[in-house]
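Here are my notes on the model, point by point. Please read them with the structure open.

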Amino acid sequence: MTSRTVTLLDVAHAAGVSKSTASDALQGSGRVAAATRDRVRAVAEELGYRPNSAARRLRRSSTGAIGLHLPRTATRLDYYMNLAFGAVERAQEEGFDVMLLAPTGGAGGGEGPSDSAGPTSPAGATSPTSPAGAASPANGPIASRVDGLLVIDPEVDDSAVPGLLDAGVPVVTGERYLGPTAAPTGAVICDNAASLTALLDHVTERGARHPAVLAPAGTSAWATALRATADSWAQERGVAVALRTVPFAATPGEAEETTLALLRTDPSVDAVICAPDGAAPGVLRAAATLGRPVGPGSLPTAAPHARTAPATYPRTPLLVASCVDGTATRSAEPPVTAVDLRPAAYGRACAELLCDILAGRTTPDTVRRHAWALETRASA
């Protein structure tokens, strides 16, 4: 029996339940026991059943689409493209298309392009003809085009976000929204303070005594947490941290320029943690320019203390790490220690939460946590 010929009735008969029970089990609606739901889904998977998306949309008066709002910097960063692919993949498993919303001119962290991300949209995503800002009024046009919204790394000063949160459809944010307007329906969050703490602890365990952090500007929860954590970690450990703010989507060139200025001003810095995605190679170039070998090398392994500088600065090894893993960190020479935020899995988690809310499988106000991993490499 092929997937084209398998019907809902076939699944119901094979699972030993009524057609309506099979439908409720597959859609996560109604009162269906967990064991029954699992059995029906297992049978449907075994038979290769695929629901008729058009029919499902008609039955539930659904548009069959969800909207995806990314920061303006998204088209420049691998992280957001991988996240978008994960969200599209998970949404399509539930029969939803994904509408990629164009950024607005007022978005925070506005170093990125202002046109639609259509040319680099993930497979299965479509791009609207008007920017997300056109949907700002409550229950405005966006509510008639999508069943729900994903808003990733919302910035307090992104002018589109308040309208999206008040659009009249469920909204799931990737990271918390720190602004004063309506809260999202749900959120998927990472412990960003813990990830930077892990990096700072790692470089000091490798011998760094005066680390620096190139923290992102902007008003997203991620950027805000990293800046605050650099300060709190320094106070708690009694270790001086040189904190420099760089653009949210700093280029390698911008990271290189900032690192050169930092190391020339304060050559006792022996570790640089670069936050923005893809910018760490710029730190490596700055180290090469100044003749600083990268990697643990001969850094002392004694317990770190505040601003104790090595005896000779120019050849002192420099540890380099990144708050975001990706192609740039993995392919660098040497490869860069980084936090793997697992963006594709994060996108899937955001889409899954929204689908669960839409299907009634979980309650509004649900907050789920997403795990990260520290990938140690030759640079630190």
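1. Which residues does Thr-197 touch, not counting residues up to four places away in sequence? Thr-197 touches Thr-229, Trp-233 and Arg-237. Contact here means heavy atoms within 4.5 Å. Thr-197 lies in helix 8. With 22% relative accessibility, Thr-197 counts as partly exposed. The cut-offs are these: buried is under 20% relative accessible area, exposed is over 50%, and partly exposed is in between (1.4 Å probe, protein chains only). The C-alpha atoms of Thr-197 and Ser-232 are separated by 9.5 Å, and the two residues are 35 apart along the chain.

2. Some ground rules. This is a predicted model, in which local features need pLDDT of at least 70 and side-chain atom pairs count only at pLDDT 80 or more, while totals for chains, interfaces and linings use all residues. Residues are numbered from 1 along each chain as its sequence is written, and side-chain values use heavy atoms, with hydrogens and water left out.

3. The chain as a whole. The chain has 13 helices and 13 strands. Both are DSSP runs, numbered from the N terminus: helices are H or I with at least four residues, strands are E with at least two. Of the 380 residues, 52% are buried. Take the contacts between residues at least 6 apart in sequence: 72% of them join residues at least 24 apart. The chain exposes about 15500 Å², and carbon and sulfur atoms supply 52% of that area. The areas come from the Shrake-Rupley method with a 1.4 Å probe; for residues, only the protein chains shown count as cover.

4. Six strands form it, in the order 8-7-9-10-11-13, with mixed pairing. Two strands pair if DSSP finds at least two bridges between them. Strand 8 (242–246) and strand 13 (373–375) stand at the edges; each has a single partner strand, so one side of each has no neighbour in the sheet. On average, neighbouring strands are turned by 20° against each other, direction ignored.

5. Strand 7 and its partners. Strand 7 (residues 211–216) runs parallel to strand 8, and five bridges join them. Leu-214 stands opposite Arg-244 in strand 8. Ala-215 has Thr-245 of strand 8 as its bridge partner. Strand 7 also runs parallel to strand 9, through four bridges. There, Ala-212 is the bridge partner of Val-272.

6. Is strand 7 enclosed or open? Six of its six residues are buried, so strand 7 is largely enclosed by the rest of the structure. Pro-211, Val-213 and Ala-215 point one way; Ala-212, Leu-214 and Pro-216 point the other way.

7. Helix 8 (residues 192–205) on the sheet. This helix lies across strands 7, 9, 10, 11 and 13, and runs at about 160° to strand 9. Axes are lines fitted to C-alpha atoms, for helices over the stretch in contact, and angles run from 0 to 180 degrees between N-to-C directions.

8. The cores. A nonpolar core is a set of buried Ala, Val, Leu, Ile, Met, Phe, Trp, Tyr and Cys residues joined through side-chain atoms within 4.5 Å. The largest has 55 residues; Leu-68, Leu-70, Tyr-80, Leu-150, Ile-273 and Cys-323 touch the most other members. Helix 5 (residues 78–93) gives the most to this core, with eight residues. A second, separate core of 20 residues includes Ala-250, Val-272, Val-283 and Val-320.

9. Helix 11. The buried residues include Val-283, Leu-284 and Ala-287. Their cover includes strand 7, helix 10 (252–265), strand 9, strand 10 and helix 12 (327–330). Thr-289 is found in helix 11 (residues 280–289). Thr-289 is partly exposed, with a relative accessible area of 48%. Leaving aside neighbours within four places in sequence, Thr-289 is in contact with Glu-256, Leu-260 and Arg-264. The C-alpha atoms of Thr-289 and Glu-256 are separated by 9.6 Å. Gly-291 follows helix 11, and its phi is positive, near 70°.

10. Helix 13 (residues 343–359). At 1.5 Å a residue, its 17 residues should span 24 Å, and its end C-alpha atoms are 24 Å apart, which agrees. The expected span is 1.5 Å times one less than the number of residues. Buried residues of helix 13 include Tyr-346, Cys-350, Leu-353 and Leu-354. Gly-360 follows helix 13, with a positive phi near 75°.
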